[in-house]
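Visitor: Could you walk me through this structure feature by feature, giving the general idea before the particular case?

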Amino acid sequence: MKWFNNQLFTSLVKNNLPKLFKKAEIESMRGGKIGMEVGVLRERILIALLLKSFGDKNVKFDFSSTDNSKDTQVFDDVLSIKTFMNNGYGGIKVFWASDNKTVRNAVNNYVPQNHFLISNINWGTKNGGLYLIDLETQLEIFNNIGVEKYLKINNGNNRGISIQTEVLKTLLSHKKTKHIIINWEDPKLNYNIYERWINEMN
């Protein structure tokens, strides 16, 4: 887990994440609202930062799309990447399922499996940042409170299962959690989402 405190990685995160995440928001914007695809773009940006920092020999990202608990591997550390805006602590999904019966089976068998790399975006502040929550910390809390208190399970549509808000706050503030503080100053970009594609044309 020492790679998280690598000087190059920390510098790249602080200097580039706000600008790149803002571009991701602009690219996914529809009718003035940020689209759901922004999550995939943010994930790719974070993996790109890892590749830039540690090289493609040390960063793996070709996991099966059916295994939504694995997004990348840095050296020996397998990561699940999550991002959320402002105070949206209840929006961190840990798995998706097709129907409530499948959800119940998945919940009954759920155990944290990988480290979390989580970005909390707070435009105009220095709140949030980038967090690395190791698997041991997740298991410590999970084993203490059990799956029913660890996961947010509704009576209605449960296809996207989240970590409970207070559990996530506890994980983020845990003494073992690593944290990079980011100045989320809004870069106010004049960014044309079509320009790069136009420039690719002969």
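**Reading the model**

Guide: Let us begin with a charged pair: Glu25 and Lys22 form a salt bridge, with 3.4 Å between the closest N and O atoms. The term salt bridge is used here for a side-chain nitrogen of Lys or Arg within 4 Å of a carboxyl oxygen of Asp or Glu. This is a predicted model, in which local features need pLDDT of at least 70 and side-chain atom pairs count only at pLDDT 80 or more, while totals for chains, interfaces and linings use all residues. Residues are numbered from 1 along each chain as its sequence is written, and side-chain values use heavy atoms, with hydrogens and water left out.

Visitor: Where do Glu25 and Lys22 lie, and is Glu25 buried or exposed?

Guide: Side chains of opposite charge can pair when their charged atoms come close. Here both residues lie in helix H1, 3 residues apart, which is about one turn of the helix; helices (H or I, at least four residues) and strands (E, at least two) are DSSP runs, numbered from the N terminus. Glu25 is buried, because its relative accessible area is 4%, and Lys22 is buried as well, at 12%. The cut-offs are under 20% relative accessible area for buried, over 50% for exposed and partly exposed in between, with a 1.4 Å probe and protein chains only. Lys22 and Glu25 also belong to a network of salt bridges that links them with Arg42, Asp186 and Lys188.

Visitor: How many salt bridges does the rule give, and which parts does the pair of Lys176 and Asp134 tie together?

Guide: The count comes to 9 salt bridges. In one of them, Lys176 meets Asp134 with the closest N and O atoms 3.4 Å apart. Lys176 lies in the loop between helix H6 (165-173) and S11, and Asp134 in the loop between S8 and helix H4 (135-145), so the pair ties together parts that are 42 residues apart in sequence. Lys176 is partly exposed, with a relative accessible area of 33%, whereas Asp134 is buried at 12%. The side chains of Glu37 and Arg30 also meet in a salt bridge, at 4.0 Å from N to O, and Glu37 counts as partly exposed at 35% relative accessibility.

Visitor: Which residues have the most contacts inside the largest nonpolar core?

Guide: In soluble globular proteins, nonpolar side chains tend to be buried together. A nonpolar core is a set of buried Ala, Val, Leu, Ile, Met, Phe, Trp, Tyr and Cys residues joined through side-chain atoms within 4.5 Å. The largest one has 28 residues, and those with the most contacts inside it are Trp3, Phe9, Leu17, Leu50 and Leu130. Helix H1 (7-28), helix H2 (38-54), strand S5 (77-85), strand S7 (115-121) and strand S8 (129-133) each supply at least two residues of this core, and H2 gives the largest share, 8 residues. Apart from this core lies another, of 24 residues, among them Phe84, Ile92, Ile133 and Leu172.

Visitor: What does Leu50 touch?

Guide: Contact means heavy atoms within 4.5 Å. Not counting residues up to four places away in sequence, Leu50 touches Trp3, Phe9, Gly55, Val59, Thr72, Val74, Leu79 and Leu117.

Visitor: What is the strand order in the open sheet of 6 strands?

Guide: Two strands pair if DSSP finds at least two bridges between them. The order is S3-S4-S5-S7-S8-S11, with mixed pairing, and the edge strands, strand S3 (59-60) and S11, each pair on one side only. Within this sheet, strand S4 (residues 72-74) is joined to S5 by 3 bridges and the two run antiparallel, with Gln73 opposite Val78 in S5. An open sheet of 3 strands has the order S6-S10-S9 with antiparallel pairing. Strand S6 (residues 93-96) and strand S10 (residues 160-163) pair over 3 bridges, and Trp96 stands opposite Gly160 in S10. Strand S9 (residues 151-152) is joined to S10 by 2 bridges, with Ser162 in S10 as the bridge partner of Lys152.

Visitor: Is Asn114 buried or exposed?

Guide: Asn114, in the loop between helix H3 (100-108) and S7, is buried, because its relative accessible area is 9%.
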